[in-house]
Amino acid sequence: MIISYKICTSIQARDSSRSLALDVARAFNEGSDMVEVRFDYSSKEAINDLLDVVMEHRDRMIFTCRSRDEGGAFNGSEAERLMVLKRLASFRPMLLDVEYKTVERDEELYDHLRALNCDLLISYHDFNNTPSRNRLAEIMDGMLKYSRNVKIVTMAKSVEDNESILSLYDIIKDKYKKKDGIQLVAFCMGEHGLASRVLCTMLGAPYTYAALDKPLAPSQLTLRQMRMIYKVMDENGYAKSIRNDRYTIDMVARLIGSVLHDMHG
Ligand SMILES: O=C1C[C@@](O)(C(=O)O)C[C@@H](O)[C@@H]1O
């Protein structure tokens, strides 16, 4: 395999620890490199039991409890959500995903999480549109003050939005040094953004996201679909010709369409 890519499968932690354990096992068996556990789908009472069953894999896991205003499903107050985040951090997963907006407005939370020595993934989600390239770069610079691990996921309204979001990888290369160790995951959601979900890892993202079955975000592909798309790209020698331009994005979008068609047809 020439194309190097990693996939993080997003899993909803609902209240049954047994089904969470089964889903996690399935994701790893089906070739997922990492798992994102979405604790915003569980009640706060269930969290300890759920943590028990994922503990052994925590060094390959991203934990999060996403706020409702960034696409999450948490059913308690904001104070309760912050308590959950602190609890999750105390288990020291590979990364704890916390929204940029949350750490920006709550320095105390940020200091607390840092004091627990938990590596943070600072995230930004926009479910309405994709800001301009300049605005995306500004957002990313602000996020980098909090962690070297950052994630920006926005809604694509047009094919051009893929180019905007993927331009962040060039900015990282031009503006920062390798030794800064910045790990950026940036892609678009929505049907128009599918190519960026696949291309991001080929342009510098350490991993992309996939669903186990049902998508947890607009147009999230499944782990099986993602793996098949990369396999076909590899077999057809795509690695050589990958750039962030309209031609590549259209080519990859067409390939995704035909792979999905063949898988379901
Ligand atoms: O930020 C992301 C990416 C995502 O929104 C997606 O579109 O694949 C899925 C979320 O679970 C994850 O936290």
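Residues are numbered from 1 along each chain, following the sequence as written. Because the model is predicted, local features are considered at pLDDT of at least 70 and side-chain atom pairs at pLDDT 80 or more, whereas totals for chains, interfaces and linings use all residues. Helices (H or I, at least four residues) and strands (E, at least two) are DSSP runs, numbered from the N terminus.

Eight strands are arranged in an open sheet with the order S7-S6-S5-S4-S3-S2-S1-S8, and their pairing is parallel, two strands being counted as paired if DSSP finds at least two bridges between them. From one strand to the next the twist averages 25°, with axes taken as lines fitted to C-alpha atoms, for helices over the stretch in contact, and angles running from 0 to 180 degrees between N-to-C directions. Within the sheet, strand S3 (residues 61–64) pairs with strand S4 (residues 95–99) in the parallel sense over three bridges, and Thr64 stands opposite Asp97 in S4. Helix H7 (residues 160–175) packs on the sheet and touches S6 and S7, its direction making about 175° with that of S7.

In the unreviewed UniProt entry, the annotation "binding site" covers Ser10, Glu36, Val37, Arg38, Arg66, Arg197 and Gln220; UniProt positions are given in the numbering used here, feature names are shortened, and annotations may be inferred rather than shown by experiment. Ser10 is placed in strand S1 (residues 7–12) and counts as buried because it has 21 C-beta neighbours inside 10 Å, the classes being buried for 20 or more other C-beta atoms within 10 Å of the residue's own, exposed for 12 or fewer, and partly exposed in between, with C-beta atoms placed from the backbone. When residues up to four places away in sequence are not counted, Ser10 touches Glu36, Arg38, Tyr209, Ala211 and Leu216, contact being defined by C-beta atoms, placed from the backbone, that lie within 7 Å. Gln220 is found in the loop between strand S8 (208–211) and helix H9 (223–235), and with 20 C-beta neighbours inside 10 Å this residue also counts as buried. Beyond its neighbours within four places in sequence, Gln220 is in contact with Tyr209, Ala210, Ala211 and Pro215.

The feature "active site" is placed by UniProt (unreviewed entry) at His125 and Lys151. These positions span 27 residues in sequence, yet no two of their C-alpha atoms are more than 8.3 Å apart, so they gather at one spot. His125 lies in strand S5 and is buried, with 20 C-beta neighbours inside 10 Å; leaving aside neighbours within four places in sequence, its contacts are Glu70, Gly71 and Val153. Lys151 lies in strand S6 and is buried, with 25 other C-beta atoms within 10 Å, while its contacts, not counting residues up to four places away in sequence, are Leu121, Ser123 and Val185.

Two positions were noted for their backbone geometry. Most residues other than glycine have a negative phi. Arg92, although not a glycine, has a positive phi of about 45°; Arg92 lies in the loop between helix H3 (78–90) and S4 and counts as partly exposed, with 15 C-beta neighbours inside 10 Å. Asn117 likewise has a positive phi, near 65°, and is located in the loop between helix H5 (107–115) and S5, where 9 C-beta neighbours inside 10 Å make it count as exposed.

How values were computed:
Contact = placed C-beta atoms within 7 Å.
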